[in-house]
Amino acid sequence: KYSLLNLEPPAHSRLRTLVNRAFVSRQVELLRPRIANLVHSIIDSFEDQGSVELIKAFAAPIPAIVIAEMIGLPSQMAPQLLDWSNRMVKMYMFDVSHDIERDANRAAAEFTAYLRTVIAERRKLPREDLLSHMIAAEQGGERLSEDEMLSTAILLLNAGHEATVHTTGNAVKAILESGYDPRMLFADDAATAATVEEALRFDAPLHMFTRYALEDLDYDGIPLRKGDVIGLMLGAANRDPAEFAEPERLDLSRKPNRHLAFASGIHICAGASLARMEGQVALGKLVARFPRLRPYGKPVRGGRARFRGFLSLPVAVG
């Protein structure tokens, strides 16, 4: 009811305008030094191990801590946020059982109960964080309701964590199999940005998203009725040969690169600039610290319907 994913204008426009102010590029860019320090500290924890399971040790904790601090939650809450997020996003698997549904609802209830206490604290003592921003934000004389804030925070946690984890894992797998020298791909800011964009196109973390037909229509010979669920295959669009030459090849010089990893239109990912920056910093620092990074053992793909990524990605770092 209150999620940006399900709303359409004018309700969507109002909520999106208020939320967007936290994700403008200049605000996100201020996080770069903090994220760089975080990446180095996490790498420090496994640099002497020789090999590491990259998802659990590296890809997962970074976005969890970043989104926790951005929302306005203590970084030590990151493990609990990971637990809540992982339980909630299991709803996006095929053949979801009633037990998974119930547990996902419990996780959402636990997270919102915790957030309500934090929102109450921020009303009394605002800080420089997203919750305080949403409490204070005003558009046309209107403010966000508490339910809107809670729904937005849940969306930011799940999307900001799950998709970013898979952005990192998918990119590392693609780069290590590409034949490119990883150091060349992150030689400077321009190369780093191009590498992240092509990795997002090549193996996007969100491969499918669903929308609804808002009216009866005929789309290219396919009859649709109002309310029909439509699967948008973002991963397939990113491999469309009509748009991308040699789409099955990782091409770091690809221009233009109009991929749809962050979707498009009014529902384009609000956190796209943050996701890009996290990917640039995390991947760039990882390769700089481990120039001999290479596969080690067998990776394990996840089984979720919408998200595409790895449950396990072992790599050698020594």
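1. At what angle do the axes of helix α3 and helix α5 cross? Roughly 145°, with the axes of α3 (residues 32-44) and α5 (residues 61-71) coming within 10 Å. Bear in mind that this is a predicted model. As for handedness, α3 goes past α5 in a right-handed crossing.

2. Now for who touches whom in that pair. From α3 the contact uses R34, I35, L38, V39 and I42, and from α5 it uses P61, I62, I65, V66 and E69. Sorted by type, the residues of this α3 contact with α5 come out as eight nonpolar and two charged, with no polar ones.

3. Helix α13 is worth a look too. It covers residues 272-289, which is 18 residues, and runs 26 Å from its first C-alpha to its last. That is close to the 26 Å expected at 1.5 Å a residue. Of the 18 residues in α13, 13 are buried, so the helix is largely enclosed by the rest of the structure. Buried here is under 20% relative accessible area.

4. On to the chain overall. The protein chain holds 13 helices and eleven strands. Its C-alpha trace spans about 55 × 55 × 40 Å along the principal axes. For 318 residues, a compact globule would have a radius of gyration near 20 Å, and the protein chain agrees, at 20 Å.

5. Last, burial and contacts. Of the 318 residues in the protein chain, 48% are buried. Taking contacts between residues at least 6 apart in sequence, 67% join residues at least 24 apart.

Note on methods: Residues numbered from 1 in each chain as written. Predicted model: local features only at pLDDT ≥ 70, side-chain atom pairs only at ≥ 80, totals over all residues. Heavy atoms only, no water. Axes fitted to C-alpha atoms, helices over the stretch in contact; angles between N-to-C directions. Helix = DSSP H or I, 4+ residues; strand = E, 2+ residues; numbered from the N terminus. Left-handed = near helix turned anticlockwise from the far one by under 90°. Contact = heavy atoms within 4.5 Å. Nonpolar A, V, L, I, M, F, W, Y, C, P; charged D, E, K, R; others polar. Expected span 1.5 Å × (residues − 1). Buried < 20%, exposed > 50% of the residue type's maximum accessible area, 1.4 Å probe, protein only. Rg over C-alpha atoms; globule rule 2.2 N^0.38 Å.
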